[in-house]
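Here is a short briefing for a first look at this structure. Keep the sequence and the 3D view open while reading.

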Amino acid sequence: MAEPIRVLVTGAAGQIAYSLLYSIAKGDVFGKDQPIILVLLDIPPMLPVLDGVVMELQDCALPLLREVIPTDKVEVGFKDLDAAILVGSMPRKEGMERKDLLKANVAIFKTQGAALDKYAKKTVKVLVVGNPANTNCLIASKSAPSIPKENFSCLTRLDHNRARSQVAIRVGVSSDDVKNVIIWGNHSSTQYPDVHHCKVNVHGKEMAAFDAIKDDAWLKGDFISTVQLRGAAVIKARKLSSAMSAAKAICDHMRDIWFGTPEGEWVSMGVYAGGNSYGVPEDLMYSFPVMIKNKTWTVVDGLSINDFSKGKMDATAAELVDERDTAVAFLGV
């Protein structure tokens, strides 16, 4: 058996973590022969709930789960980590402006970035889920200067999965038959779900999404807004935010980091924009199409971008620049 890896989940008493922890502990993410030490971090008022989560994990009797460590202390939570999944963040409350939300989260992710810098392995892979995910990820990375920027990513896989699924439903195929959708930009309502390079397998024949769907107006209209606003639609219906689908997306994202992407396929994740070929401002965490090999992602370069796409990519970048500048002003750096 391999040596156990240490995996941190923050916000571990919350509903996304409740859907996520079982999959990690069972081996769905890091492999069926990889023992796991799960570290569960949350704020002090949530510790009694966390005790219940620990009991349930123990009661699952999972062979790969070597130890579960509940804590509210960063020096315990971030020690010697191989992977960190930062789910916990300050949620937006009624009457709260985005600016207020950013200010609260900058403080949280500055602290967590500094803790990663001080206690975690330098090889740690960090996935930021808590919103606003792109900017929280950038702040965490800036606060952990000794860990490579490339080790940080934020979750846009849920949007990617939503886009794939919408195309599959429209064509009447399995979501497995849809590949190479792209989510550009921010995990917000300005994100741009792009299917100009997407391929759909229809009865064994691979074709472009636009040819498979034959409805350009839908692809440039309702399809985009459905993906952009899906999170809000789930909240309206469930009275709670996406949890099951978010947990599945987190698993997909981390598994691809660990094991790589299939040949000829890419996935979407928010990564550091330095050196990109698409004219995206450099000092941002921006969602791109990426391929992953040996736990290292590379942005898929050289895709043709039409004017329609360029306008949408620039608009979501502008929002991210604004968020970054606001966040950095709060940091005082």
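Where is Asn-151 found? Asn-151 sits in the loop that runs between α5 (133–142) and β6 (152–154). The model is predicted.

- Is Asn-151 buried or exposed? Asn-151 has 10% relative accessibility, so it counts as buried, the cut-off being under 20%.
- Leaving aside residues up to four places away in sequence, Asn-151 touches Lys-122, Thr-123, Val-124, Lys-125 and Val-126.

**The annotated site**
- UniProt lists His-187 under "active site", in an unreviewed entry.
- His-187 lies in a loop too, between β8 (182–184) and β9 (192–194).
- Which residues does His-187 touch? Not counting residues up to four places away in sequence, they are Asn-131, Asn-134, Leu-155, Thr-156 and Asp-159.
- Asp-159 belongs to helix α6. Its relative accessible area is 1%, so Asp-159 is buried.
- Asp-159 in turn touches Ile-183, His-187, Gln-191 and Val-227, with residues up to four places away in sequence left out.
- Asp-159 and Val-181 are 22 residues apart along the chain. Their C-alpha atoms are separated by 10.0 Å.

**Helices α6 and α11**
- Helix α6 spans residues 157–171, and helix α11 spans residues 244–259.
- The two pack at an angle of about 105°, with their axes 8 Å apart.
- Why are α6 and α11 called roughly perpendicular? Their angle of about 105° falls in the range of 65 to 115 degrees, so the term applies.
- On the α6 side, the contact involves Arg-157, Leu-158 and Asn-161. On the α11 side, it involves Ser-245, Ala-246, Lys-248, Ala-249, Asp-252, His-253 and Asp-256.
- The residues of this contact divide into three nonpolar, three polar and four charged.

**Nonpolar cores**
- How many residues does the largest nonpolar core have? It has 81 residues.
- Those with the most contacts inside this core are Val-9, Ile-24, Phe-30, Leu-38, Leu-40, Ile-85 and Phe-288.
- Helix α11 supplies the largest share of this core, eight residues.
- Phe-30 touches Ile-5, Val-7, Ile-24, Ile-36, Ala-83, Met-254, Trp-258 and Phe-259, again without residues up to four places away in sequence.
- A second, separate core has 31 residues, including Leu-8, Ile-37, Val-106 and Cys-154.

Definitions and conventions
Residues are numbered from 1 along each chain as its sequence is written. This is a predicted model: local features need pLDDT of at least 70, side-chain atom pairs count only at pLDDT 80 or more; totals for chains, interfaces and linings use all residues. Side-chain values use heavy atoms; hydrogens and water are left out. Axes are lines fitted to C-alpha atoms, for helices over the stretch in contact, and angles run from 0 to 180 degrees between N-to-C directions. Helices (H or I, at least four residues) and strands (E, at least two) are DSSP runs, numbered from the N terminus. Angles under 35 degrees count as roughly parallel, over 145 as roughly antiparallel, 65 to 115 as roughly perpendicular and the rest as oblique. Contact means heavy atoms within 4.5 Å. Ala, Val, Leu, Ile, Met, Phe, Trp, Tyr, Cys and Pro count as nonpolar, Asp, Glu, Lys and Arg as charged, and the others, Gly among them, as polar. A nonpolar core is a set of buried Ala, Val, Leu, Ile, Met, Phe, Trp, Tyr and Cys residues joined through side-chain atoms within 4.5 Å. Buried means under 20% relative accessible area, exposed over 50%, partly exposed in between (1.4 Å probe, protein chains only). UniProt positions are given in the numbering used here, feature names are shortened, and annotations may be inferred rather than shown by experiment.
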